[in-house]
Amino acid sequence: MTKTQINTPNALDESKHAYRKWSEFNVELLKQLFTTDELSDEYSWWGIAAMSMGRESLGQMIAKHHESITEKLRRLDSIVERLELYPLASSVQVAETSKHSPSDPTTRSKKVFVVHGRDELAKTSLEVFLHEIGLDPIVLHRQADEGLTVIEKFEKHADVGYAFILLTPDEVAYLACEDDKPDAERAKEKRARPNVIFEFGYFVGRLGRSRVCCVYTGDVALPSDVHGLIYKRYEKSVEEVAYGIMKDLKASGYDVS
């Protein structure tokens, strides 16, 4: 669960509202991405709700809210690990695959997608570097809305041959069962934003592991059991991994210099 200051009923209501919007977006995106509703049903399944005895305290309601978010994140992690087992809907297939093999360099455009969290400096540094080597980085919030929903806008601009996932430690998480412990005693981990993890999985499923590069920094937690991905760790600047990024882009068919 993200570490947030939820200590009043109003703060809890606001957090629940944001959680519902995020979860509804995930359900709709899963439905549109795949030819089966199996993954969206798995993600949104309620299970057997626990019965509450009497009126719950604010602390109990907050703990239950934390547990709900942790469970949805666990389901997303599980879905990411199995994405390649499910066929994508035809609307999100790479254009004109019948004309070119996916490994054919002629299918490579200069457009590459940049998935990012809240580290503005890291995002801008990666954009500048990609521009300098002759690529056209696509950052979603910089594109025109054109009256599209978030999902429609994402799908429209996700038609690329390569994706960079920028994982930065934007959130602090701990298990819901530790909610009643003093803050210093909680076993915490630093995480990327949930939307970053979901888009990470989207591009792994769409492009394949060899065309997704994960650039990360700090002690951010990496998705578990997703093997064969390209991971690049840097300390202070994205430029530290510039050579490795260019090497992998060239291996994937891109003409960069």
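Visitor: How are α1 and α3 oriented to each other?

Guide: Start with the general idea: a pair of packed helices is described by the angle between their axes and the distance between those axes. Keep in mind that this is a predicted model. Here the axes of α1 and helix α3 (residues 58–81) cross at roughly 20° and come within 11 Å. Angles under 35 degrees count as roughly parallel, so α1 and α3 are roughly parallel to each other. Their crossing is left-handed.

Visitor: At what angle do the axes of α1 and α5 cross?

Guide: Roughly 45°, with the axes of helix α1 (residues 9–33) and helix α5 (residues 150–157) coming within 10 Å. That angle makes α1 oblique to α5. As for handedness, α1 passes α5 in a right-handed crossing.

Visitor: Which residues of α4 are buried?

Guide: Look for Ala 122, Lys 123, Leu 126, Glu 127, Phe 129 and Leu 130. They sit on the same side of α4, because they cover an arc of only 165° around the axis. Turn to the other side of α4 and you'll find Leu 121 and Glu 132 exposed.

Visitor: What caps the N-terminal end of α4?

Guide: Asp 119 does: one of its side-chain oxygens lies 3.3 Å from the backbone nitrogen of Leu 121. Just after α4, Gly 134 takes a positive phi of about 95°.

Visitor: And what is phi of Glu 146?

Guide: Near 55°, a positive value in a residue other than glycine. You'll find Glu 146 in the loop between β2 (136–138) and α5.

Visitor: Is Glu 146 buried or exposed?

Guide: The cut-off for exposed is over 50% relative accessible area, so Glu 146, at 51%, counts as exposed.

Visitor: Where does Arg 209 lie?

Guide: In the loop between α6 (194–207) and β6 (212–217). Its relative accessibility is 33%, so Arg 209 counts as partly exposed.

Conventions: Residues numbered from 1 in each chain as written. Predicted model: local features only at pLDDT ≥ 70, side-chain atom pairs only at ≥ 80, totals over all residues. Heavy atoms only, no water. Buried < 20%, exposed > 50% of the residue type's maximum accessible area, 1.4 Å probe, protein only. Helix = DSSP H or I, 4+ residues; strand = E, 2+ residues; numbered from the N terminus. Arc of directions from axis to C-beta. Polar contact = N/O pair within 3.5 Å; in protein donor to acceptor, adjacent residues only side chain to side chain. Axes fitted to C-alpha atoms, helices over the stretch in contact; angles between N-to-C directions. Parallel < 35°, antiparallel > 145°, perpendicular 65-115°, else oblique. Left-handed = near helix turned anticlockwise from the far one by under 90°.
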